[in-house]
Each structure stands twice: as structure tokens, then as C-alpha cells.
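Colleague: Could you take one part of this model, look at it closely, and then work outwards to what surrounds it? I would like the cut-offs behind each term as you go.

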Amino acid sequence: MEASTSTVAFTRPRPLGWARLPVWLRRGIIGAILIVVWHLYAVHKGPLLVATPWQTAEAFYDGWKNGNLASQTWTTLRLLLEGVAIGALVAAGLTAFATLSKVGEDLLILLTSVLNPLPGVAILPLAMLLFGLNESALRFVIANATIWPIAIAVSTGFKTTNPTIVAVGRNIGLSRGRVITDVLAPAALPYAISGLKTAWAFGWRTIIAAELVFGVAGSEGGLGNYINNARLYFLTPQMFAGLVTIALLGVVFETLFGALERRTVVRWGMKTS
Amino acid sequence: MIPLRSRRRAAAPRETSEGGPLLRIERVQLGYWVDARFHLAVAEATFEIQPREKVIVIGPSGCGKSTLLKAIAGFIAPASGSISVAGRSTLAPGPDRAIVFQEFDQLFPWKTVLHNVAYPLRVNGHSRGEARATAQQFLELTHLAHAQDRYPYQLSGGMKQRVAIARALALDPTILLMDEPFGALDAITRQRLQLELNRIVAETRATLMFVTHSIEEALVLGNRVVVLGDTPSRVLEIVDVGDLGGPETQEYGAMRGKLRDLLAVDRELPEEEEDGGIN
């Protein structure tokens, strides 16, 4: 082939190919195939053990329409938000203390190395003893699951901050405290967001597991409790609807974190999208 | 000589009451600790900087000239001797000694160009509108008005350094400290910024202490040159370079030769390999 045409041939897309299809179509096709496989498996296993996609969709629709699934989801999300908020605040305080003093740094290192490897639900029995069977126990467990990943991420962000901009902060007259809030905190934001993502994922796993073990007082047991109850009464489609809800919420929050990154650290050139 | 704006901060006088020097460095010794052992970097430095002077501190790499600048800025304390700015001994870092660093990454990446210049003014008690207006004024002075809404990652190295200069000068410092600000730039941008700095310093009537290892840069920018040398270093000589004329004049050539001699540029290097920063 001649040189003049070879470059054209090089850039020309192949006439037929998987990679040529738009992303939504590629994902849609895979998704459809998986749903068909799910359906075949459900039919094979019988409706008592595995709900078909259609049954699941019906249970999902009904659950949101009659408000039952919605209220359980809200209970779980509210507790998760409260727990993560408490965890993030404590983590921020601990990291600030660690930045300001050597004692704080040693404390943070010791606490994270001991408590971070501990699975969140493992302290549920302790929380139940301390707080009783109530929402505070769950908040405590979730907060504990989120403090350590956030604290580790933020203190890594602080430590890797370019010393020159810290020197600039001191030079323009910032106090030590304001160097933390106005220079180190925004500089560590890429780390903080990824820490928050990890914390959120830890919190999710922890709260669903904790709700499986015990529902919060009364009828508002949360999504984990909803799934477990559905299993107990052989309401298999509802159990699947609960699982689908959890998966969809995961997608929603992933999108929200992505949007937060695009508006901040990606926009500032601190992280490539 | 354009009076850029009224004097706002009485706390940062440009001249001492008795009309003495702005910066006084007296028998300063500087060093640093490595593994519980003290290493002396600057054995003895004594000099003064008068208001509106442009003083260049020159010396080979590792002679402690940046350490000296950091001590004036208040980041490290001298082992002995005294440093005073406008009659006060400098202890903590502060905006009366605004610094321009060598690194391009000295701007806050999460702030636009405008806010990088305006934010330090807000920190120092200016109102929002006042800070914005002053920032815009200094961005015009450094020919950056068109880029005021950009983020630092969208700027070239030379533009970043001009933003840093605008930020420092907007603070109306008693003395402007510059630590090899053009050291990481290409030769053409470097020469352009040297000329631009001369114009800006003339317009703002700032007092300048500028650290470099380039003899040409010292001669283009300075009124006086403080030559550091030896290890640990001391002030070898302080020379007047204010009225040399252009590079083609005989005086310029003679002074260039003298500085090269003082800095031992032509001397054979000892066994130890040094980086050839002196031109």
C-alpha cells in the first residue's frame, strides 16, 4: 500500500467491531444478556429460591409504590449519612490534631493501624451493649467504619502536599490553624474524596450487615432488615427487589462522587478525570 | 512612577523612622541539623539593604543563599547574629516580606489567577471588593488581566511566575524576596521576565532582595550585588552595579569579569563534581 493511503487506512475504523459501538449500547447488550441468564437460572431453580427479573421488577415497583421499600431505604440512607457525617467530623478533628502535634500524629497512627483492619460489624456486639438495640448503636458502628479510611486518606493528602504552597500560606500571614483549613485541606481534597468513597463503601457494607443482624426498633428496620424479612417469609421477589435497590443506590452514589470530582479536583487540574 | 494605590497598612512601613536601612543583617550564622549534628551553611553574613534598592545575592549552588532568604522570611532562625526588617527583628513569617519562589507550583491550584492574587489580601484584612480591585490592578501591571479567570494548571511556567510576582507585590511588602524565580524558565522567557521585573519594580518602587546564581541576571536586575562564597560561606564582597550601562560597555564587561573571578568560575573544579549553575 502507498504511504499516502496507509495513514488513512490506519485511522479508518474497522467496518464491524464491538469497540465501534457506543458505550451505552455495549453495556446495554451485556446487561440484557445477563438478565436473560438470570431469567433462565431463576426458571431452572424455581420461583421460591430465585425470583425472575420480571417478578423482581414487579416487587420493586410495588415496594416503591406502597412506600414500604422507600421507607426502609430512607431509614438505611439516613443512618448511613448520619454515621458517615459523624465519622468524617471525627476523622477531620483527629487529622488536624495529628498535623498540629506529634502526640496527635502518634495517636492517629496507632489508632488507624489497630482499628482500620477491624471489620466494621465486628464491634456491633459492643455497640449493642453500650447503646442498646437502637439507632445510636448503628451510628456508632458506621462512624467507626468510616473514620479510619478518611483519616488515613486525609493525613496522606496532608503529608504529600507540596511544601512550597504551605510556605506560601505561612508567608502571606496565615496562622497554623488556617494553613490547615485554607491550604492543606484543599490540597488534600483529591485524597479526601477518595477516602470518603472508601468510607462510604465501608459504611454501606457495615449498615446492611448490621441491619441483617438486628432490625432497628419497630417496623423501620432498614434495607438489610427488609431483605432478611423477605427471606424469612419466602417473599423471594421482595428480597431481590431489596438487592436491586442496594445495587442501584451504589450506582447513584458513584455518579454523585464522580460529579463532585469533576466540579472540584478535575476542574482545578489536580486530578485527571 | 505611578502611585498604584494609597498606603493602607501602617504596619508595614517602607522606611524606618530614622531613615536607616530597611533590612539589616548583622554577623548572621546559619546552619541546619542532620542527625543531631549541626552543619554550618553561612559562617558570616553582614550587609544592609536601603529603601528602593535592588540587591542581588549571588553565589554557587549550595552556598546558603536560599537559606539566608528563608531566614529573612522567618522560616528558620539564625544560629547567631541578628536580622531586622524596618527596625524589627524578624521572627515569624509574614506578608511584609512576601516571597516569590523558584517552583512553578507555588500558586494555589484550586484558585483562579485572580483569586490567587486577591486571597492573600483578604487574609490581611482587605474587603472583598478592595482585594479584587487591587488584584486586578497588579494583574494588569504584570500583563495577566486576560488570564484572570484561568486556573494555574492552564498557565505556562512564565505566566505562573508572573502571577506569583503580582501576588507578592499586591501585598505591598516592605521588602520583596525572590528566590531564583526565573531559574526554571527557558532562556528567552527568562530574559523577558527580567526586563519586565525591572519595569514593575520601578513602577511600584519596591525594595528587592533577589537570590540567583546567574551573573548576567545579577547585572541586569541589581543595584548592588552581595557575593557569597567559600564553605561554609561568607560575604566575599559587596559591589555596586547600578550604573554600568548595557552589556556592550566596558564597565559591564569588567564587572562581569570581576564577579566571575570572585565566584571562581574559570577555576578548575576540585575532584568533587559540582553542578555548573554559574554562567
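Modeller: A residue is called buried if 20 or more other C-beta atoms lie within 10 Å of its own, exposed if 12 or fewer do, and partly exposed in between, with C-beta atoms placed from the backbone. Helices (H or I, at least four residues) and strands (E, at least two) are DSSP runs, numbered from the N terminus. This is a predicted model, in which local features need pLDDT of at least 70 and side-chain atom pairs count only at pLDDT 80 or more, while totals for chains, interfaces and linings use all residues. Residues are numbered from 1 along each chain as its sequence is written, and chains are lettered from A and ligands numbered from 1 in the order in which they are written.

B:Ile58 takes part on both sides: its bridge partner in strand 8 of chain B is B:Thr212, and in strand 9 of chain B it stands opposite B:Val227.

These pairings belong to an open sheet of 10 strands in chain B, with mixed pairing and the order 5-4-1-2-10-9-3-8-7-6. Strand 5 (88–89) and strand 6 (99–100) of chain B stand at the edges with a single partner strand each, so one side of each is left without a neighbour in the sheet. Chain B as a whole has 7 helices and 10 strands, and 42% of its 279 residues are buried. Of the contacts in chain B with a separation of 6 or more (C-beta atoms, placed from the backbone, within 7 Å), 69% join residues 24 or more positions apart.

Strand 1 of chain B (residues 23–34) contains B:Arg27, which has a positive phi of about 40° although it is not a glycine; B:Arg27 is exposed, with 12 other C-beta atoms within 10 Å. B:Asp35, also a residue other than glycine, has a positive phi near 50° and lies in the loop between strand 1 and strand 2 (37–49) of chain B, where it is exposed with 4 other C-beta atoms within 10 Å.

Looking beyond chain B, 14 residues of chain A are in contact with 20 residues of chain B. Helix 8 of chain A (residues 163–171) supplies the largest share of the chain A side, 6 residues. That side divides into 8 nonpolar, 5 polar and 1 charged, where Ala, Val, Leu, Ile, Met, Phe, Trp, Tyr, Cys and Pro count as nonpolar, Asp, Glu, Lys and Arg as charged, and the others, Gly among them, as polar.

Within chain A, helix 11 (residues 222–232) packs against helix 12 (residues 236–266) at an angle of about 155°, with their axes 8 Å apart (axes are lines fitted to C-alpha atoms, for helices over the stretch in contact, and angles run from 0 to 180 degrees between N-to-C directions). Helix 11 of chain A is therefore roughly antiparallel to helix 12 of chain A (over 145 degrees; under 35 is roughly parallel, 65 to 115 roughly perpendicular and the rest oblique). The residues of this contact divide into 7 nonpolar, 3 polar and 1 charged. Helix 4 of chain A (residues 68–100) packs against helix 11 of chain A at about 135°, with axes 6 Å apart, and these two helices are therefore oblique to each other.

Conventions. Contact = placed C-beta atoms within 7 Å. Pairing = 2+ DSSP bridges.
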